[in-house]
Amino acid sequence: MIKVLAIDDEPLALKQLATYIEKVPFFELVKQCGSAIEAKEVINNEVVDAIFCDINMPDLNGMDFVKQLAAPPIIVFTTAYSEYAVEGYKVNAVDYLLKPYGLDDFKHAANRVKLMYDARQNTHEATQQAEIGGDNDTLFVKSDGRIIRISIGDIRFIEGMSEYVKIHIDNMPKPIVILFSMKTLEKRLPNTFMRIHRSYIINLTKIIEVNKNRVIMGEGLYLPIGDNYKDAFSDYLNQRFLGK
């Protein structure tokens, strides 16, 4: 599923956009945002593959919002002003919907988003297989132009942030950030690691406590267990459980 964010400051236009997104079988609506500022917060905390974004908005217009993103998702602009079209393509928007647009126009843009999404996935898979290497105890990753050696046993957990992952390592004040997919990295890790949430892979040997729907990985470090991962994690616990 392609995770999509809807952004428009006009409530009726936003509602229509959200309705159209939900009619596309390969789209999943992440959230509806009434401003670019609100959308920026969502992108910082959620996985977002594509955005349908109005341009002419107060406080921060859609064009400037996209230009500020370090790693923009796939972009489709929506606006009532045709003069923005050329500028929209300058920031690599895959399509441009001129208001008022209908469901057929939207589906055409959605198909262009899917083509771009599939192309990105294929490129990332191939690049990642080539760029990450190591043995059973070690990984080598590219970050900020450097090749960094990581001891797998020192990884506490991995956090997914859109197209990037943050590798949190013991005794390192900051995580290592790399352009990589959680799905591909998950395949490269040994069975001492498990995905417990769409945004988190944990080192099972680093678990301190399991409390309801959270895994405690350190002091003040509580990671949620996602609904789609509860059964597999419960099976892991049950196989090692002592007592009643």
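Two strands are said to pair if DSSP finds at least two bridges between them, and strands themselves are DSSP runs of E, at least two residues in length, numbered from the N terminus. The model is predicted, so that local features need pLDDT of at least 70 and side-chain atom pairs count only at pLDDT 80 or more, while totals for chains, interfaces and linings use all residues. Residues are numbered from 1 along each chain as its sequence is written, and side-chain values use heavy atoms, with hydrogens and water left out.

Strand β14 (residues 209-211) pairs with β15 in the antiparallel sense over 3 bridges. Within this pairing, E209 has I216 of β15 as its bridge partner, and N211 is bridged to R214. On its other pairing, β15 runs antiparallel to strand β16 (residues 221-224), to which 4 bridges join it; here G218 has L221 as its bridge partner.

| Hairpin | Residues between the strands | Residue with positive phi |
|---|---|---|
| β14 and β15 | 2 residues | K212, near 55° |
| β15 and β16 | 2 residues | G220, about 75° |

Together the strands form an open sheet of 3 strands in the order β14-β15-β16, with antiparallel pairing. The edge strands are β14 and β16, each of which pairs on one side only, and the twist averages 30° from one strand to the next, where axes are lines fitted to C-alpha atoms and angles run from 0 to 180 degrees between N-to-C directions.

Why is β15 described as largely enclosed by the rest of the structure? Of the 5 residues of strand β15 (residues 214-218), 4 are buried, and so the strand is largely enclosed; buried means under 20% relative accessible area, with a 1.4 Å probe and protein chains only.

Conventions: Buried < 20%, exposed > 50% of the residue type's maximum accessible area, 1.4 Å probe, protein only.
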